[in-house]
Amino acid sequence: MQLEKLNTILNTASICYIVINPQGKIEHISLECIKLLGFSADNLKGGNISYILSEPERKTQEVINSLTTEGEKRMLSLKKHDGTTVKCAITSTKLEKSNDNLNKTYLIIEKTLNEESHAQEYEKDLLQILMDNIPDKIYFKDRESRFVRINIAQAELLGVNSPGEALGKNDFDYFSKEHAKLALEDETYILKTGKPIVNKEEKLVFEDRPTKWVSTTKVGVKNLNGEIDQIIGISRDITANKIAEQQVVKALEKATESDRLKSAFLANMSHEIRTPLNAIIGFAGLLNETNITEKKKNKFVDIIITSGNILLSLINDIIDIAKIEAGQLTIIEKPLDLNMFMKEIYTFFNEQYKRLDDNLELILKIPENNQNLIIYTDSNRLRQILSNLISNAYKFTDKGYIEFGYQYEEAECLLHFYVKDTGIGIPKKKINLIFERFGQVITDHTSKNKGTGLGLAISKGLIQLLGGKIEVNSELNKGSEFKFFIPAHFSDSKKIKRKQDKTDINSINWSGKHLLVVEDDYNSYNFLKEVLMPTQIEISHVDTGEKAIELCKNVGKFDLILMDLKLPGIDGYKTAKSIKEFDNKTPIIAQTAYALNEEEDKTLRFGFSAYISKPIILKDLLSMLSDLISKT
Ligand code: ADP
């Protein structure tokens with residue numbers, strides 16, 4: 001019978017067999033046998049029978065010899081593709097010598113399912129169930145680092161539909177070259193040394209999915225000969241931990257940076273506070289000297305006032321940044337004549353800097369078609385932002401021009417403000433830094449450009465509170481342009497109160513008018529008494545709210561009351577309320593050292609006629625008193 005015909009018959013009869021030659025070379029393998037062992041025909045055909053013999057039978061010529069001996073029945077363990085073994089009864093049948101079948105032996109294989117095998121099968125099933133229900137990724141690899149068995153979690157990681165799809169493949173088929181190479185190196189190390197690799201962090205980069213991190217333990221599995229012929233790997237997904245860890249590292253870096261900025265700030269602040277204080281204390285002391293000329297005296301007073309103002313603006317900045325960060329800064333919107341407001345800012349800066357800087361021109365650009373544009377905004381905060389940007393422009397520009405202005409972007413209903421200069425510019429990589437609190441490009445300042453690094457952080461915070469955003473374009477040694485956009489809210493122009501300048505003290509005559517000052521701080525009271533003396537106004541003074549109520553009730557009529565809000569006993573609010581109960585006409589002005597917007601709003605709600613914050617600027621006080629006295 002022809003060999004092919006014989007094989008067809010045996011295969012059709014579902015006989016499990018292998019055909020070998022006298023040297024053990026596999027010539028043919030039946031479909032049943034392929035099913036039993038799990039290898040493909042191509043894997044085995046041409047190979048030696050010893051490849052599928054389990055230890056210790058493997059490699060022994062004697063076993064091969066006995067297999068090729070006709071009629072012999074042997075119990076042998078055959079190795080399966082998944083690394084397990086199956087015990088079989090093998091009967092050898094030799095074909096007669098003829099031309100086309102040179103000494104071929106048919107090995108008829110019967111799987112023996114004895115008790116031990118049942119137990120093995122059961123354990124195998126149990127192991128599979130266990131593996132497939134564990135979230136960790138588990139895989140077995142052969143000595144060539146090919147997957148021979150994997151669980152469902154590993155199949156998911158590899159991105160295959162079922163564990164079977166990955167069998168025979170290796171890491172290079174699924175992972176980046178870098179990872180596959182490292183994994184192979186680890187496995188080669190295990191095969192060589194027999195030592196496991198425990199909890200090694202691995203980064204898995206995929207083309208189509210986010211990167212994952214796993215912690216992997218790999219152990220070599222020894223066969224009966226004591227040689228490692230498989231590797232078991234278990235990988236635990238630690239991506240979430242890794243992300244958390246990276247976040248902690250970032251937070252730590254940020255905290256360290258913030259700490260560094262704070263230390264730099266404290267050092268800077270200590271210097272910034274001490275310098276003006278030093279001048280104030282030093283020159284105030286010199287004023288006491290008897291033989292001092294009038295000219296020198298005026299100079300010292302000027303220095304004391306300037307230093308006091310520097311200190312005040314520093315304190316205001318610190319309060320602002322703290323309030324912005326605590327989310328406690330409120331915006332109080334009122335109607336504002338925008339063009340007039342811009343012109344006031346222009347006049348202020350032009351007067352202040354013109355005499356100092358001849359090389360610098362300040363330009364204001366107002367759109368011609370927007371005459372009398374009345375917007376609804378917080379003018380104090382808007383002034384603060386523009387002043388910060390313009391002062392910076394002066395600080396960092398030596399020559400050329402500083403231009404500021406605004407445009408109304410009708411399509412988006414936005415007001416676009418800008419401040420442009422021809423100064424030193426800002427390096428690209430520092431652009432984000434400058435908006436951080438205490439962030440400065442140059443930290444060793446000359447007297448012209450010294451600062452605390454708070455201005456832009458405050459401006460950014462204020463612009464956000466006004467519902468807008470800030471941007472900057474800058475080129476080193478060419479200049480910078482800061483622009484910010486805020487939503488445009490328009491208002492009714494009639495509500496605008498235009499300030500009149502009534503601040504020339506020599507032209508004021510308030511004789512016959514009577515002012516009550518309620519103030520517990522004697523320095524503040526003495527200051528008021530001194531500055532108002534030329535107006536000839538009569539001044540009475542009490543230092544508590546209770547005394548003020550008493551005086552108003554019994555002695556009577558004052559034309560104006562200037563009330564400190566923080567008083568011992570009942571405070572300024574309660575005092576004003578009590579006075580209002582029996583005298584609703586006399587205007588009461590609130591004065592406080594809390595330079596907060598909300599405070600102003602609160603005083604107006606409590607029935608005060610006006611509000612002035614300390615330190616009192618004489619010009620503002622005179623203007624306010626004039627307004628109120630003219631109504632009495
Ligand atoms: P300060 O001016 O007090 O240092 P700011 O927060 O206002 O603080 O500014 C932060 C930093 O941004 C400045 O120290 C400076 O390095 C940079 N900067 C701001 N405005 C300009 C400008 N117009 N030109 C160049 N650099 C600027």
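This is a predicted model: local features need pLDDT of at least 70, side-chain atom pairs count only at pLDDT 80 or more; totals for chains, interfaces and linings use all residues.

Colleague: What holds strands of a sheet together in general?

Modeller: Strands of a sheet pair through backbone hydrogen bonds, and the pairing is either parallel or antiparallel. Here five strands form an open sheet with parallel pairing, in the order β19-β18-β20-β21-β22. The edge strands, each pairing on one side only, are β19 (538–542) and β22 (610–613). From one strand to the next, the twist averages 20°.

Colleague: Which strands does helix α15 touch?

Modeller: Helix α15 (residues 545–554) packs on the sheet and touches β18, β19 and β20 (560–564). The direction of α15 makes about 155° with that of β18. Helix α16 (residues 572–582) lies across β20 and β21 (588–592), and runs at about 155° to β20.

Colleague: Turning to the ligand, how many residues surround it?

Modeller: The ligand is surrounded by 20 residues, and the closest are Asn392, Lys395, Asp421, Gln440 and Leu456. By class, nine are nonpolar, nine polar and two charged. Helix α12 (379–395) supplies the largest share of this shell, three residues.

Colleague: Which polar atoms lie by the nitrogen and oxygen atoms of the ligand?

Modeller: A polar side-chain atom of Asp421 lies 2.8 Å from a ligand nitrogen atom. An N or O atom in the side chain of Gln440 is 2.6 Å from a ligand oxygen atom, and a polar backbone atom of Val441 is 3.0 Å from an oxygen atom of the ligand. Of the 530 Å² of accessible area that the ligand has on its own, the protein covers 97%.

Notes
Residues are numbered from 1 along each chain as its sequence is written. Side-chain values use heavy atoms; hydrogens and water are left out. A residue is near a molecule or strand if one of its heavy atoms lies within 4 Å of it. A polar contact is a pair of N or O atoms within 3.5 Å; within protein, one must be able to donate a hydrogen and the other to accept it, and residues adjacent in sequence count only if both atoms are side-chain atoms. Accessible areas come from the Shrake-Rupley method with a 1.4 Å probe; for residues, only the protein chains shown count as cover. Helices (H or I, at least four residues) and strands (E, at least two) are DSSP runs, numbered from the N terminus. Ala, Val, Leu, Ile, Met, Phe, Trp, Tyr, Cys and Pro count as nonpolar, Asp, Glu, Lys and Arg as charged, and the others, Gly among them, as polar. Two strands pair if DSSP finds at least two bridges between them. Axes are lines fitted to C-alpha atoms, for helices over the stretch in contact, and angles run from 0 to 180 degrees between N-to-C directions. Contact means heavy atoms within 4.5 Å.
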